Amino acid sequence: MKSIIPKYQIKQNLLRVLGDSKKCSQLVCALKNSADFNLIVQVVTELIKSIPQFEKRCWGNMLPKTIKELGHEKIFFYKPIELKNEINWVILGVKQHIKAIKKFITYKKLFEHQVLLGQYSNALDTLNSVENEIGVSIWFYESKFIVYEMMGAQDKSITLISQINEAKQDKGADNGYVTLLLYYLWNRSKKDLSAIKYDEDLYNRFKKNRTDFQKDTYNYHLFRLNYYINYNIENTSIPLVMESTNSIIDRYIVLLQVLQSALVKEENMDMIVSRSLY
């Protein structure tokens, strides 16, 4: 039987390795997989209150302001143990910026309404407000691609994707999956690209996976880039882990998708229903 580590000891252990990103991430991962969620909340809340930078050790940069910052924070990936733990962890991260999430939901509804009415200039103004008040995200750039395509301004989409690639050209930097995600989302926004061709390109790009990590990456991209076809991937906790380098906006969106997928697959039904009420 494992002995229970007292809260003060967990905090001391984390503080001791705060300056070492890898060791700290290992302890944070162990904390995330603790059976006592109330303990997790207490430890994280107290440490962030006394040392605000601890938030980055837990979730990286959740509110990037530029494309360079998006996906740039170094994150160590660890194989998820249980879906419940990953859902709880993302929800805890979302709660750190609940005001930003509420503001995003309001702007997202307004943006979608404007697009449906063909008010594309207003929709771009709304996206500018999102960028200024919340920051950038995968959702933000995807939405711009969609509006430019609807306006017939494909040249602006090409300019935007070029600017993104230029900003992310430092091959020594940790850029997560930003450029790959946005490349496919840019292609998906094109009116002249058939759904069949998009699916083929996606499968061909990731079909050569041999290691477990490559398979996880493959499933993440299928889930992330074509959710309604690939919502039923084997391990729905993988998208939550691999989305952890992106904006809190993107993590929130993927969290909702994972909850929906788990509900359809009837995984951990009681827990999924309770978490869906947050």
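Q: What counts as a helix or a strand here?
A: Helices (H or I, at least four residues) and strands (E, at least two) are DSSP runs, numbered from the N terminus.

Q: How many helices and strands does the protein have?
A: The protein has 16 helices and 0 strands. This is a predicted model, in which local features need pLDDT of at least 70 and side-chain atom pairs count only at pLDDT 80 or more, while totals for chains, interfaces and linings use all residues. Residues are numbered from 1 along each chain as its sequence is written, and side-chain values use heavy atoms, with hydrogens and water left out.

Q: What about the radius of gyration?
A: The radius of gyration is taken over C-alpha atoms, and the globule rule is 2.2 Å times the number of residues to the power 0.38. For 278 residues, a compact globule would have a value near 19 Å, and the protein agrees because it has 19 Å.

Q: And what does the C-alpha trace span?
A: Along the principal axes of the protein, the trace spans about 60 × 40 × 40 Å.

Q: How many of the residues count as buried?
A: Of the 278 residues, 48% count as buried. Buried means under 20% relative accessible area, exposed over 50%, and partly exposed in between (1.4 Å probe, protein chains only).

Q: Which residues touch the most other members of the largest nonpolar core?
A: They are Trp-139, Tyr-141 and Leu-182, in a core of 80 residues. Helix α15 (residues 248–264) gives the most to this core, with 9 residues. A nonpolar core is a set of buried Ala, Val, Leu, Ile, Met, Phe, Trp, Tyr and Cys residues joined through side-chain atoms within 4.5 Å.

Q: What does Leu-182 touch?
A: Not counting residues up to four places away in sequence, Leu-182 touches Ile-67, Ile-138, Tyr-141, Glu-142, Phe-145, Ile-161 and Ile-164. Contact means heavy atoms within 4.5 Å.

Q: Switching to Leu-127: where is that residue found?
A: Leu-127 is found in helix α7 (residues 120–133).

Q: Is Leu-127 buried or exposed?
A: Leu-127 counts as buried because its relative accessibility is 0%. Apart from neighbours within four places in sequence, Leu-127 is in contact with Phe-111, Trp-139, Phe-140, Ser-143 and Lys-144.

Q: And where is Ser-189?
A: Ser-189 is found in the loop between α10 (178–188) and α11 (195–206). With a relative accessible area of 14%, Ser-189 is buried.

Q: Which residues is Ser-189 in contact with?
A: Leaving aside neighbours within four places in sequence, Ser-189 is in contact with Phe-145, Ile-146 and Glu-149.
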